[in-house]
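Hi everyone, thanks for coming.

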Amino acid sequence: MKAMGVFALMLIFGLFSADLPFSSAQTIFNVLDYGAKADGKTDDSNAFSAAWKAACSAGTQNPTVVVPSRKDFLVYPLTFQGPCKSSSISFQVIGTINAPSSPSVWRGRNARRWLIFHGVTGLLITGNGTFNGHGSEWWDLSCADHPRKALNIIHCKRSTISDIYTIDSAKYHVVVNQSSDILVKNMHITAPESSPNTDGIHIELSQNVLVNNSVIATGDDCVSIGELSSNINVSYVTCGPGHGVSIGSLGRYGNSVKVENIHVKKVNFKGTTNGVRIKTWQIGLGYVRKISFEHITLESVENPIYIDQNYCIDLNGTRGNCEPKSTGVHISEVTYDDIVGTSSSNAAIHLNCSHSIACTGITLSSIKIESDKSGQQVISECTNAHGTNSGVVQPKSCLQS
C-alpha cells in the first residue's frame, strides 16, 4: 500500500519522467528518415527498428521516435528493446501503424504478439495516432491461431500510454505484463461486439497500474486483470459493448493465485454481458482479496454483479458443467458500493461461490439495480457467499451473515 501511495503522488504531481515537457535538447527520430515508405503496403519494420535503436542509444534527454501524421505504415511483428540510455523515451504516434491483415503473411513469424516494448523505463507512447490490428480475417479462425496480443508492455517501469486509438486487434489490444508503475489513460479501443477475445486492456503479473479516462468497446473484457497482480486502479472508463471489467479468469492450471488491492470505480457499463466480475477456476489455489467496485452505473447489463468461483471445462469441452472440487481460489474482502442502473437478465446479483472454499467478507452497500424491462423484477442468487449488507440493497441481498 505504501508503494501505491508513492505512485499516486507521482501521478498527481506529474513526476513521471515520461510525462515531462520536451526539452530544447530533445532529439527527434522520424521513421521516414530511416527509410519508411508509408504507403501502407511496403514493410516498414526495418525503418521502425532502426529509428528505435537510434533513439534508445541517444544520449539526449527524452529522445522521441515520431510516426508522422497522414501516413499509413505497415509493420510486421517487432520488439522495441530496452533499456535505453536516456531515463525517458517517447514513441509519438500521429499516423497509423497497421498490422499485416492476412493470416498467411504471419506464417513463420511469432504470431503470439505484434508490437512489444520490452525492458524500457520512462516510456511514453502517445500522439492521437492509431494502432490497427486488422484482425477481421482472424476472427472466424480458431482462437488458438490468432496473434494474441497487439500492443505489449513487458518488463517496463514508470511508463505511460495515452491518447492512442487501437482498433480491430486479432485478440487483446493492449497488454501490461510483468511491469510496474504504469499509467494507461485517454485511450480509445474499439472492435466489433462479435469479435472473439478482443480484450481492451489486459493486465497480468504487474503492480501499480492505473487505467483512467478511457472508452473501450470490444468483443470481450473492456479491462481484464490476470494473475499475480496487485495495486490496480481502474477509473472513469466507459465500457460497452464487451464483457465488462473482469478479475480473471484465474487458476486455470491448478496454480496458486495471488491477486489483491484491485479497485474499480466510476465505470459506466452500456449493454455489456457482465458488469463487475470475478472469475476463478475450480482447480485453482491461492486468493483474491481486498477488492472494491464503487460508483458504478449500469445500462442494460446482463450480469451486473457476478462472481464465478466454479469456472471449468468438462471432459466434453463444455464450460460450467463439472463435478464439485475440494480446491478453489479463496475470494474475500470484496466491496460493492453505490452500484445503480438496469439489468437485462433477472439475476442482477449472482455470487456463485465454491461449496468447498466459500467467498467471505463480501459487502453490499447502496445497491439499486432494476430490470430494463417494464414491470419485471430482478433477483439475487448466492451460493456459499458470506458477508454483510449496508444501506439499500436492491434486489434483496442473498448473502449469508
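Ring pairs join Trp-52, Phe-80, Phe-91 and Phe-117 into a cluster. Here, rings of Phe, Tyr and Trp (its six-membered ring) pair if their centres lie within 6.5 Å; planes under 30 degrees apart count as stacked, over 60 as edge-to-face and the rest as tilted. Before we go on: this is a predicted model, where local features need pLDDT of at least 70 and side-chain atom pairs count only at pLDDT 80 or more, while totals for chains, interfaces and linings use all residues. Residues are numbered from 1 along each chain as its sequence is written, and side-chain values use heavy atoms, with hydrogens and water left out.

By the ring rule, the count comes to ten aromatic pairs. One of them is Trp-52 with Phe-91, a tilted pair with 6.4 Å centre to centre and 55 degrees between the planes. Trp-52 lies in helix H2 and Phe-91 in strand S6 (residues 89–93), so this pair ties together parts 39 residues apart in sequence. Helices (H or I, at least four residues) and strands (E, at least two) are DSSP runs, numbered from the N terminus.

Now look for charges over rings: NZ of Lys or CZ of Arg within 6 Å of the ring centre and within 35 degrees of the ring normal. Lys-279 sits over the face of Tyr-311, 4.6 Å from the ring centre.
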